[in-house]
Amino acid sequence: MSDLIISGVEAGYGHVRVLHGINLKVSDKPVALMGRNGMGKTTLAQAIMGINATTAGTITYGDVTLTGLTPTKIAQAGIGYVPQGRRVFPSLTVDEHLRILEKRTSKWTAKKVYELFPRLAERKKNGGAMLSGGEQQMLAIGRALMTDPTLLLMDEPSEGLAPAIVEHLGNSLRDLVAQGQRVLLIEQNLKFASTLCDEIVILSNGEIQATVSSKELRASAELQNKYLGVA
Amino acid sequence: MTQFIFTFLNGLTLAGLYFLVASGLTLIFGLMRVINLAHGAFYLLAGYVSWTIADKTDNWFYGAVAGALTLGVFGTLVYVLLLRKFQYEELRVALITLGVSLVLAQAMLAIFGGDYYQTNSPESVSFSVPIPGLGLSYPFFRIFVLILAIIVAVGLWVFISKTRYGAIIRAGVDDTTMVSALGINVQAVFIWIFFLGSVLVGFAGSVGGTTNSFGMGTDGDYLLFSLQVVIIGGLGSIGGVAIGSFLVGVIGQFATGYYPTFAGIITFAMLILILAFRPQGILGKKQ
């Protein structure tokens, strides 16, 4: 299986540099990238997806150099993107979200997504705009899975969801990970992140500050305060 | 009463033509945010192409097919060669298409001269139908245009709202970046949309060149009509184009028939009123 290797990546908006040389490797084990708001987490996700251009450094996935490719090519290289804010299509029904991505050869089918998230099956005919936050998140994940990703890149999937929904989502995702789905999770919710990932990478001020185990981070209020600004 | 009914029928059948013209524009404009200011010139070019072919082959349908396909290919070339690179820069797109429009208009003037042309309607539909109870008759070809517009409207609606490809298009209207981040080749979708939109304006030019005469200046008129229709109806909405065409066609005809001096003012007053209360157009989504 291919590794995602990010080396020396810099990116930003206009003249404002947000990422100052990021180095990160994602292999078999799921990795969570954490950090406070405004530290560059989403910028990094968008740089990986080719939505935001990088100004320096390279991102490779297996043999493929992702830097400079279009989002289409990057998705086709095997990265499934679950964006921040979910970005479901308001004009499409739940079913259409999945059907537009269905291919005869694909491993994931709409049926399998409905098995993973039975709630979506009940809402099949509903429009994307009529779903609750949790349902939208399930749909955004299901939609990304339909591209048969070898790596699932999720940007704050727990954001704005009720704790019970977050837990439910965590369970579904844990099943996926157990089946061998690779994950790069961007999160602010430590509890949710640690249900999926043992390895937590801390991003602060556009740089990787530390790599810690989720157990260690959960046990230490001091580390949490230092890296995440919560205690 | 007779004048009222004739004005209404004229407005309605003109609305059919406007629908054909503007549906292509709304597809391109709505999905791709490409403001094609050469749309009117495309319409006029299709008129000349279909007139030429119909004249040579003595067959109206060959002319219409030639007009539609020529424009489909031509429009796609304009998009791929000139516009694709600057697609998200509205001002550049506007200037490039305006340039294309001017060059086309001058070239057509050079080739076809300043005379006005009108394609003969096919004999099979060139008869008049009686209007019941009035003892008057109305040319069937104009009704035929309305029927064509309805067929195209239903076809487009089914295509966009019921097919997988249509769903991809709607997703593209909602969030182009997200669609491409799912591995869908939005560029290829764009090329097809431009082709389809250009085929539609090509077909419209063939039909409109039969119901109405065309020549120098027709390009500007029809660009204006289709922009009015699309702005009134709302960006990228087929239903909106239908409503917009109906309003611009019928109100335009009544204004021309009853208050000819104020015709232009009346239709633009309508446009301004609608923009004041619903800036996104009647069926448009808030941006």
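Is V80(B) buried, partly exposed or exposed? The tour opens with this residue. The structure is a predicted model, in which local features require pLDDT of at least 70, side-chain atom pairs count only at pLDDT 80 or more, and totals for chains, interfaces and linings use all residues. Residues are numbered from 1 along each chain as its sequence is written, while chains are lettered from A and ligands numbered from 1 in the order in which they are written.

Select V80(B), which lies in helix α3 (residues 60–83) of chain B. Helices (H or I, at least four residues) and strands (E, at least two) are DSSP runs, numbered from the N terminus. V80(B) is partly exposed, because 15 other C-beta atoms lie within 10 Å. A residue is buried if 20 or more other C-beta atoms lie within 10 Å of its own, exposed if 12 or fewer, and partly exposed in between, with C-beta atoms placed from the backbone.

Next, select L9(B) in helix α1 (residues 2–32) of chain B. L9(B) has 18 other C-beta atoms within 10 Å and is therefore partly exposed. From L9(B) to G63(B), the C-alpha to C-alpha separation is 26 Å, for 54 residues in sequence.

**Second stop: α2(B) and α8(B)**

Display helix α2 (residues 39–57) and helix α8 (residues 186–211) of chain B, whose axes come within 7 Å and cross at roughly 55°. Axes are lines fitted to C-alpha atoms, for helices over the stretch in contact, and angles run from 0 to 180 degrees between N-to-C directions. α2(B) and α8(B) are therefore oblique to each other. Angles under 35 degrees count as roughly parallel, over 145 as roughly antiparallel, 65 to 115 as roughly perpendicular and the rest as oblique.

The crossing of these two helices is right-handed. A crossing is left-handed if the near helix is turned anticlockwise from the far one by less than a right angle, and right-handed if clockwise. Among the residues making the contact are F42(B) and W51(B) of α2(B), together with V201(B) and G205(B) of α8(B). Two residues are in contact if their C-beta atoms, placed from the backbone, lie within 7 Å. The contact comprises eight nonpolar, nine polar and no charged residues. Here Ala, Val, Leu, Ile, Met, Phe, Trp, Tyr, Cys and Pro count as nonpolar, Asp, Glu, Lys and Arg as charged, and the others, Gly among them, as polar.

Turn to helix α9 (residues 218–233) and helix α11 (residues 263–277) of chain B, with axes that come within 10 Å and cross at roughly 30°. α9(B) is therefore roughly parallel to α11(B). Their crossing is left-handed. Q228(B), I231(B) and I232(B) of α9(B) meet T267(B), L271(B) and I274(B) of α11(B). Four of the residues in this contact are nonpolar, two are polar and none is charged.

Select both chains: 17 residues of chain B are in contact with 20 residues of chain A. On the chain B side, α6 (164–174) and α7 (176–180) are the elements that give two or more residues. The largest share, seven residues, comes from α6(B). By class, this side has nine nonpolar, four polar and four charged residues.

**Last stop: two loops of chain A**

Select R87(A), in the loop between β6 (79–82) and α3 (94–99) of chain A. R87(A) is not a glycine, yet has a positive phi of about 50°. R87(A) counts as buried, because it has 20 C-beta neighbours inside 10 Å.

Finally, select N205(A), in the loop between β9 (199–204) and β10 (207–213) of chain A. N205(A), also not a glycine, has a positive phi of about 50°. With 13 other C-beta atoms within 10 Å, N205(A) is partly exposed.
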